Amino acid sequence: MSKPSVAELRPVVHPAGVKDRRSGEHWAGRLYMREISLRWTRHLVGTRITPNQLTHLMVVAGVAAGGVLLVPGPVGAVLAALLIQLYLLLDCVDGEVARWRKQTSITGVYLDRVGHYLAEAALLVGFGVRAADVFHVEGAATGWLWAFLGTVAALGAILIKAETDLVDVARSRSGLPAVKDEAAVPRSSKLALARRAAAALKFHRLVGGVEASLVILAVAVADAVRGDLFFTRLGVAVLAAIAVLQTVLHLVSILASSRLR
């Protein structure tokens, strides 16, 4: 069986709206990964690998990114960043293969969402354990407070996603259609202004997998220069604070919008 060309794949696997979804498509997907994934997808559509198997591999890559952070120094951070890029690639490819083969399924969507929860939580927990210095690279004491803060950041990242996903659950159980992007605008003008300001600053993105992996890499390099874990621990504290704040603000934003009406 001949492989489809990128030109043949594109209109099928990237239908109108896929790359333009304001709340659904990651900036890295729009910027570069969707173009890379097309090159992988054309080689995979003719194999026996199923979309759900690709989703499973995505989950493994994402969770492994958190695990390799136990490797001290910049090496662990580089491995984590590379695994998160693989996770993002597989996140694109599984859906593209499913659309080309017309094998999209509710199970696939569910596994994809669970994969995002697990991968991003694992990365932030791994970051916290890294800051705790469980292998005593910096000294004899283990700073379990940092592991706790990493877990708080992970919980916040999960709750932020859950708050978004539960909008569709609530609407479905009430017999309403899926929410549209324009419904996300708060009814209060002051809240709408605050939401636009937060969107412009994009600080909330820092607890996402791609962004967090880049933060982890940056602080690992800074710590290698400094010779301790100061910047890693600072990064964990900052991400935990952002996650908690964003969890509250995101919930307020949802309740103040028309998404539940």
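1. Start with Arg-39 and Glu-35: they sit four residues apart in helix α2, so about one helical turn separates them. (Helices here are DSSP runs of H or I, at least four residues, and strands are runs of E, at least two, numbered from the N terminus.) The two form a salt bridge, with the closest N and O atoms 3.3 Å apart. For that label, a side-chain nitrogen of Lys or Arg has to lie within 4 Å of a carboxyl oxygen of Asp or Glu. Arg-39 counts as partly exposed, at 42% relative accessibility.

2. Before going on, a word on what you're looking at: this is a predicted model, where local features need pLDDT of at least 70, side-chain atom pairs count only at pLDDT 80 or more, and totals for chains, interfaces and linings use all residues. Residues are numbered from 1 along each chain as its sequence is written, and side-chain values use heavy atoms, with hydrogens and water left out.

3. Glu-35 has another partner, Arg-10, in a salt bridge at 2.9 Å, N to O. This pair links distant parts of the chain, with Glu-35 in helix α2 (residues 27-44) and Arg-10 in helix α1 (residues 6-13), 25 residues apart. Put together, Arg-10, Glu-35 and Arg-39 are linked in a network of salt bridges. Glu-35 is partly exposed at 28% relative accessibility, and Arg-10 is partly exposed at 32%. (Under 20% relative accessible area is buried, over 50% is exposed, and partly exposed is in between, with a 1.4 Å probe and protein chains only.)

4. Now look at Lys-161 and Glu-120, whose closest N and O atoms are 3.6 Å apart in a salt bridge. Lys-161 belongs to helix α6 (residues 144-173) and Glu-120 to helix α5 (residues 106-132), 41 residues apart. Here Lys-161 is buried, at 18% relative accessible area, and Glu-120 is buried too, at 12%.

5. Leu-69 is worth a click: you'll find Leu-69 in the loop between α3 (51-67) and α4 (73-101), and it is buried at 1% relative accessibility. Leaving aside neighbours within four places in sequence, its contacts (heavy atoms within 4.5 Å) include Gly-76, Ala-80, Leu-123, Phe-127 and Ile-216. Leu-69 and Ala-122 are 53 residues apart in sequence and 9.9 Å apart in space, C-alpha to C-alpha.

6. The largest nonpolar core has 44 residues, and those touching the most other members are Leu-123, Leu-124, Phe-127, Val-207 and Leu-239. (A core is a set of buried Ala, Val, Leu, Ile, Met, Phe, Trp, Tyr and Cys residues joined through side-chain atoms within 4.5 Å.) Two or more residues come from each of α2, α3, α4, α5, α6, α8 (209-226) and α9 (230-256), and α4 gives the most, with 11 residues. Not counting residues up to four places away in sequence, Val-207 touches Glu-120, among others, along with Leu-124 and Leu-239.

7. Last, the second largest pocket holds about 280 Å³ of space. (A pocket is an open set of points on a 1 Å grid over the protein atoms alone, where a 1.4 Å probe fits, with protein on both sides within 12 Å along at least five of seven lines; lining residues have an atom within 4 Å of a point.) Of its 19 lining residues, the closest to the centre are Pro-72, Gly-73, Asp-133, Val-137 and Leu-229. The largest share of this lining, three residues, comes from α8.

Note on methods:
Grid points are joined across faces, edges and corners, and a volume is the space filled by probe spheres set on the points.
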